Amino acid sequence: MTSAQLLKEPSSFGHPVEADIVETRRAYVTFDIGSQILAADVADVREILDHQVIAPLPNATAALLGMIDLRGEGIAVMDVALSLGLSRQVEDYDGRIIVLDLQTDREAAIAIVVDRVRTVVEVDEADVDPVPSVPGGWNAGAMFGLTRVEGELVYLIDLRAALGQSGSVGLPGPFDFD
């Protein structure tokens, strides 16, 4: 969070006091996987591409779809739908590729495939509901909140946790049941 303008507030001693006003809005890119609308912090997104040919890798896990060549840089492409327990609804050639900027000094760039990229929205922290607590051992995994955008429910996800990257919890997907 960043501080915005300064506000003069009267103190209990009658003199004005400067106080920081803290911005509580964050920008998220919204996208579809299957019938779910998800949102990820826009700071984690490097660029959005039309779908292109993904070269499969030998002995790769099901979640690792392969590699793409982006201006001479090899980028691993992951199927984040698998770790979220979702199924994609469009053919690969209709989807989009979101190149992420999650890397640390030792990690290579990574991308995910999604069915559709919607838009970038600003969400006020006050409009984010906590992950629901439901009976039956439901595990929220990478989901850290819910909000509504234009009347539709949007799941806020942590892409690092969803992809099991270092520094994240690496929990099962938000729609998995124990």
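In which sense do β12 and strand β13 pair, and over how many bridges? The two strands, β13 covering residues 152–157, pair in the antiparallel sense over six bridges, where strands count as paired if DSSP finds at least two bridges between them. The model is predicted, with local features requiring pLDDT of at least 70 and side-chain atom pairs counted only at pLDDT 80 or more, while totals for chains, interfaces and linings use all residues. Residues are numbered from 1 along each chain as its sequence is written, and side-chain values use heavy atoms, leaving out hydrogens and water.

**View 1. The hairpin of β12 and β13.** Strands β12 and β13 form a hairpin with two residues between them, and in the turn Glu150 has a positive phi of about 50 degrees. Helices (H or I, at least four residues) and strands (E, at least two) are DSSP runs, numbered from the N terminus.

**View 2. Thr147 in strand β12.** Thr147 is found in β12, which spans residues 143–149, and five of the seven residues of this mostly covered strand are buried. Thr147 counts as buried because its relative accessibility is 2%, the classes being buried under 20% relative accessible area, exposed over 50% and partly exposed in between (1.4 Å probe, protein chains only). A polar atom of the Thr147 side chain lies 2.9 Å from the backbone oxygen of Asp127. With residues up to four places away in sequence not counted, Thr147 touches Val123, Asp127, Glu152, Leu153, Val154 and Leu156, contact meaning heavy atoms within 4.5 Å.

**View 3. The open five-stranded sheet.** Five strands form an open sheet in the order β5-β8-β9-β7-β6, with mixed pairing. Its edge strands, each pairing on one side only, are β5 (45–50) and β6 (64–70). From one strand to the next, the twist averages 30 degrees, with axes taken as lines fitted to C-alpha atoms (for helices over the stretch in contact) and angles running from 0 to 180 degrees between N-to-C directions. Strands β8 (residues 96–100) and β9 (residues 110–114) pair in the antiparallel sense over five bridges, and Arg96 stands opposite Val114 in β9.

**View 4. Val45 in strand β5.** Val45 is found in strand β5 and is buried, with a relative accessible area of 17%. Not counting residues up to four places away in sequence, Val45 touches Val29, Ile98, Val99, Leu100 and Asp101. The C-alpha atoms of Val45 and Ala111 are separated by 9.1 Å, although the two residues are 66 residues apart along the chain.

**View 5. The nonpolar cores.** The largest nonpolar core has 27 residues, of which Phe31, Ile33, Leu84, Leu100 and Ile112 touch the most other members; such a core is a set of buried Ala, Val, Leu, Ile, Met, Phe, Trp, Tyr and Cys residues joined through side-chain atoms within 4.5 Å. At least two residues of this core come from each of β3 (25–33), β4, α1 (80–84), β8, β9, β12, β13 and α2 (159–163), and α2 gives the most, with four residues. Another core, lying apart from the largest one, has eleven residues, among them Ile68, Val77, Ile97 and Val99.

Key:
A polar contact is a pair of N or O atoms within 3.5 Å; within protein, one must be able to donate a hydrogen and the other to accept it, and residues adjacent in sequence count only if both atoms are side-chain atoms.
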